[in-house]
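Student: Please take one part of this protein and look at it closely. Then show me how the rest is arranged around that part.

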Amino acid sequence: MNAKNLQRALLLLVLVGAPAVYFTYRQDSRWSQQGKASSTSPRPGQGGNAALPALRSPGTAIKSIEIVRGSDQSRLELGAEGWNLPERDGFPAQQEAVLDLLAGLARLELLEPKTAKPENFEKLGLVAPADGGQSALSVRLLDAGGSEVGALLLGERAWDRGFSAVYVRRAGENQTYLAKGEVKGGAAIRDYLPRDLVTWKTERAASVEVRFPDQPEQDYRAARGQGSETNFALALVPDGKEPASPYLVSGAARAIGSLRIEDVAKEGGARQPDLSAAKRVELVWESFDGVRVRLEAYELAAETEFGSKPLWGRIRAELLDWAGAPKQDVPAPAAGEGETGEAAAAAPSEPAGPSREELEREVQELNRRSAGWLFRIDSSSSLTLVRGLSDLVQDPTPPGGAGAGAEGGALDLSGIDTSSLDLEQLGMSEADLQKALQQLGSQPPAEPAPAPAPAEQAPADGGGATPPSGPPPGAEPPSETPPAPGSESAPPPA
């Protein structure tokens, strides 16, 4: 185990197994260039001064963390089972995200002082949220009694001699510093929720069945034969219609691997959204290894800033009876290929994929985390999940039209897998992505430019162009009769 993993393991042990958090500073070249932290002001270009000295003190006890950036704010509390979100009815936080935040803060070292003039704070991203700042990350560490243990503002990122750095300002001070290190974490609730509701890889999904209780004519099922196939196919296409782009047809099936959580509410709690007038959608995914996941989703009427509507849902999983069985029997080799055919036939075939025990643990863990909770699905997936059959089919494309394929038609975008794209990081919504793909798909492929005619080469003696080797147009083809014996061809003129 390397030093980094050892530190994180120690932090996890302390954070999860104790009623309070104790951080012990260890001399480490990645934390300090001087070996020991100093309370004195840093000299230009020198490290060894902790931005938050309390995090390196053996007697420091942290019970809660308050984080603010712009309009986003989160509060984390340490409970008997680890860090949780008290403003979300105590839903368990993603422990690794909290550990990354605390470890990054503990490693920060002040390198050199910068400006102390408030009018220059904005240039460094260090205007406090309470003063209208939108980019500074404000972090307050509190003990069990609610007293402040340490507080820090983190601003713009920088580089110092090839190392990551950030501008910081301590609470109650105007002096700013360049600090060595990097702090991972944000202030939004989603930054401390599990990244994915279901941890499936795209190739694991075998099928999806989508049902609309109030609009049964919109129900559909899409499936594929094996994980290596890029696209899913509709099980039933209405008469007079044809499937639309494979990207649209496969959207809901692929979404199982990217159900990201934006918010959470306890069922029956004060924050539970009103679902009485919501549009209801039921999705059932099945994997090739026999896990079935059900999502009962509710689309609210209010529209979000990204053009989608809030989608809340409850989820549960179950294991199918045939889980753990091999996908196919492996034929035994013929006798003489290293062992007899009888011996090979007697050897049992290995099941493909996870064992049944592993699948059972996966199902139990998902149900344990989701029981009694409603989850808000992020906007990049919500539009995909609420599409009905009418959104996935179209009128037949006339011959030679825009959808005629490679021979004079649209671009084939069926091989593009967008399930792993982080649309939030790209600054676009699911609707923007669909529009862009549809616009691309409606454009016929560019025809290759005609190859230029080969340049005529001059003969070696500098004469005119080399004549064509065949007879001139209109001339009689030469006779294939060989010359009489003894005859000689006339020599070419001098």
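Tutor: Strand 9 is covered on both of its faces. On one side sit Thr-176, Leu-178 and Lys-180, and on the other Tyr-177 and Ala-179; all are buried. Buried means under 20% relative accessible area, exposed means over 50%, and partly exposed lies in between, with a 1.4 Å probe and protein chains only. In a regular strand the side chains alternate between the two faces of the sheet.

A word on the source. This is a predicted model, in which local features need pLDDT of at least 70 and side-chain atom pairs count only at pLDDT 80 or more, while totals for chains, interfaces and linings use all residues. Residues are numbered from 1 along each chain as its sequence is written, and side-chain values use heavy atoms, with hydrogens and water left out. Helices (H or I, at least four residues) and strands (E, at least two) are DSSP runs, numbered from the N terminus.

Now the partners of strand 9. Two strands pair if DSSP finds at least two bridges between them. Strand 5 (residues 109-113) is joined to strand 9 by 4 bridges, and the two run antiparallel. Here Pro-113 has Tyr-177 of strand 9 as its bridge partner. Strand 8 (residues 163-170) also pairs with strand 9, over 5 bridges and in the antiparallel sense. Opposite Ala-165 stands Lys-180 of strand 9. Strands 8 and 9 form a hairpin, with 5 residues between them. In its turn, Gly-172 has a positive phi of about 80°.

Leu-85 has Phe-91 of strand 4 as its bridge partner. The loop between strand 3 and strand 4 holds Asp-89. Asp-89 has a phi near 60°, a positive value in a residue other than glycine. Its relative accessible area is 38%, so Asp-89 counts as partly exposed.

Arg-161 also has a positive phi without being glycine, near 55°. Arg-161 lies in the loop between strand 7 (148-160) and strand 8. With 63% relative accessibility, Arg-161 counts as exposed.

Strand 10 (residues 205-211) and strand 11 (residues 220-223) run antiparallel, joined by 4 bridges. There, Glu-209 has Arg-221 of strand 11 as its bridge partner.

Contact means heavy atoms within 4.5 Å.

Leu-359, Val-363, Leu-366 and Ser-370 of helix 5 are buried. They cover an arc of only 65° around the axis, which puts them on the same side of helix 5. The arc is that of the directions from the helix axis to the C-beta atoms. These buried residues pack against strand 16 (291-299), strand 17 (311-319) and strand 18 (373-377). The face of helix 5 turned away from its buried side carries exposed Arg-361, Gln-364 and Arg-368. After helix 5 comes Gly-372, with a positive phi near 85°.

Last, the whole protein. It has 9 helices and 19 strands. Of its 494 residues, 39% count as buried.
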